[in-house]
Amino acid sequence: MHTIINALHSYNRYLIIVAIFWVIFRSWSGWMGKKHYVKTDNTASLVLLILAHTQLLLGLIQYFFTSAYTTGDMPLSDPWVRYFKMEHISAMILAVVLIQLGRTFTKKTPLDEQKHKKTALYTTAAAVIIFVMLTMKGLFLGTLAQAAAVAQ
Ligand code: HEM
């Protein structure tokens with residue numbers, strides 16, 4: 001059970017990375033280039049939101065039910081336990097909230113420039129958090145097994 005959910009959570013990270021670059025590119029170029037907010041902009045941000053919510057759900061299942069790092073009795077002094085029990089969850093939930101807020105505020109304004117601007121700022125902030133959190137543990141492109149081996 002954990003293996004499947006962990007694999008989905010792990011692979012979904014790559015989809016999120018691609019989608020977040022896609023949204024950032026479209027929103028910044030739309031904002032700076034004073035372009036119309038078109039259907040593809042909406043689709044890109046919707047895809048990112050769905051992936052982020054899926055990641056949140058998979059993460060919560062692991063956090064509360066299946067992960068040895070967060071459900072076992074491993075000590076907080078272990079850097080991986082501390083990372084997953086405290087740092088990963090709090091930072092990633094904040095990132096998902098920022099992605100959600102960006103989309104919510106975008107929907108509330110009728111102005112194309114404001115839609116691009118809000119999407120650009122909130123999504124970029126979320127991306128910085130996600131990239132920093134993954135990079136600090138070697139998880140941006142690699143797997144947990146590889147990162148743990150390097151850390152030893
Ligand atoms: C955009 C959001 C997120 C990204 C990109 C992300 C990414 C990752 C990655 C790359 C791993 C290592 C997977 C592996 O190779 O084994 C991981 C593990 C984990 N994540 Fe996330 N995560 C996100 C959000 C969350 C959230 C919100 C939670 C909790 C609510 C969470 C809980 C966990 C847990 C518990 C593990 C460790 C699983 C294990 O026991 O091996 N993640 N995450």
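## The second largest cavity

The second largest cavity in this predicted model has a volume of about 40 Å³. A cavity here is a set of points on a 1 Å grid over the protein atoms alone where a 1.4 Å probe fits but cannot get out, and lining residues have an atom within 4 Å of a point. Grid points are joined across faces, edges and corners, and the volume is the space filled by probe spheres set on them. Around this cavity you will find Val23, Arg26, Ser27, Tyr37, Asp41, Ala44, His116 and Thr119. They divide into three nonpolar, three polar and two charged residues. For that sorting, Ala, Val, Leu, Ile, Met, Phe, Trp, Tyr, Cys and Pro count as nonpolar, Asp, Glu, Lys and Arg as charged, and the others, Gly among them, as polar.

Helices H1, H2 and H5 each supply at least two of the lining residues, and H1 gives the most, with three. Helices are DSSP runs (H or I, at least four residues), strands are E runs of at least two, and both are numbered from the N terminus. Ser27, one of the lining residues, sits in H1. Ser27 counts as buried because its relative accessibility is 3%; buried means under 20% relative accessible area, exposed over 50%, and partly exposed in between (1.4 Å probe, protein chains only). A polar atom of the Ser27 side chain lies 2.8 Å from the backbone oxygen of Val23.

## The largest cavity

The largest has a volume of about 60 Å³, and its lining is made of Val23, Ser45, Leu48, Leu49, Ile99, Gly102, Arg103, Thr106, Thr119 and Thr123. Helix H2 (39-66), H4 and helix H5 (112-135) are the elements that give two or more residues to this lining.

H4 gives the most, with four residues. By type, the lining of the largest cavity has four nonpolar residues, five polar and one charged.

## The iron site

Which protein residues hold the iron atom of the ligand? The protein donors are His9 (NE2) and His88 (NE2), at 2.0 to 2.1 Å from the iron. His9 lies in helix H1 (residues 2-32) and His88 in helix H4 (residues 79-108), so the pair ties together parts that are 79 residues apart in sequence. Donors are N, O and S atoms within 2.8 Å of the metal (3.2 Å for Na, K and Ca); water is not among the atoms, so sites may look incomplete.

The arrangement is octahedral because the six donor atoms around the iron subtend angles of 86 to 179 degrees. Six donors count as octahedral if opposite donors are over 155 degrees apart and all others between 65 and 115.

## The largest pocket

About 700 Å³ of space lies in the largest pocket. Of its 32 lining residues, the closest to the centre are His9, Gln55, Gln62, Phe84 and His88. A pocket is an open set of grid points with protein on both sides within 12 Å along at least five of seven lines.

H1, H2, helix H3 (68-71), H4, H5 and H6 each give two or more residues to the pocket lining. The largest share, eight residues, comes from H4. In all, the lining divides into 19 nonpolar, twelve polar and one charged.

## Two loop residues

Lys34 is in the loop between H1 and H2, and its phi is near 50 degrees, a positive value in a residue other than glycine. Most residues other than glycine have a negative phi. Lys34 counts as exposed, with 68% relative accessibility.

Gly138 belongs to the loop between H5 and helix H6 (144-151) and counts as partly exposed at 41% relative accessibility. Gly138 and Val150 are twelve residues apart in sequence, with 8.6 Å between their C-alpha atoms.

## The whole chain

The chain has six helices and zero strands. Its C-alpha trace spans about 50 × 25 × 25 Å along its principal axes, and 41% of its 152 residues are buried.

## Reading the numbers

Residues are numbered from 1 along each chain as its sequence is written, and side-chain values use heavy atoms, with hydrogens and water left out. Because this is a predicted model, local features need pLDDT of at least 70 and side-chain atom pairs count only at pLDDT 80 or more, while totals for chains, interfaces and linings use all residues.

Definitions and conventions
Tetrahedral: all angles 85-135°; square planar, octahedral: opposite > 155°, others 65-115°. Polar contact = N/O pair within 3.5 Å; in protein donor to acceptor, adjacent residues only side chain to side chain.
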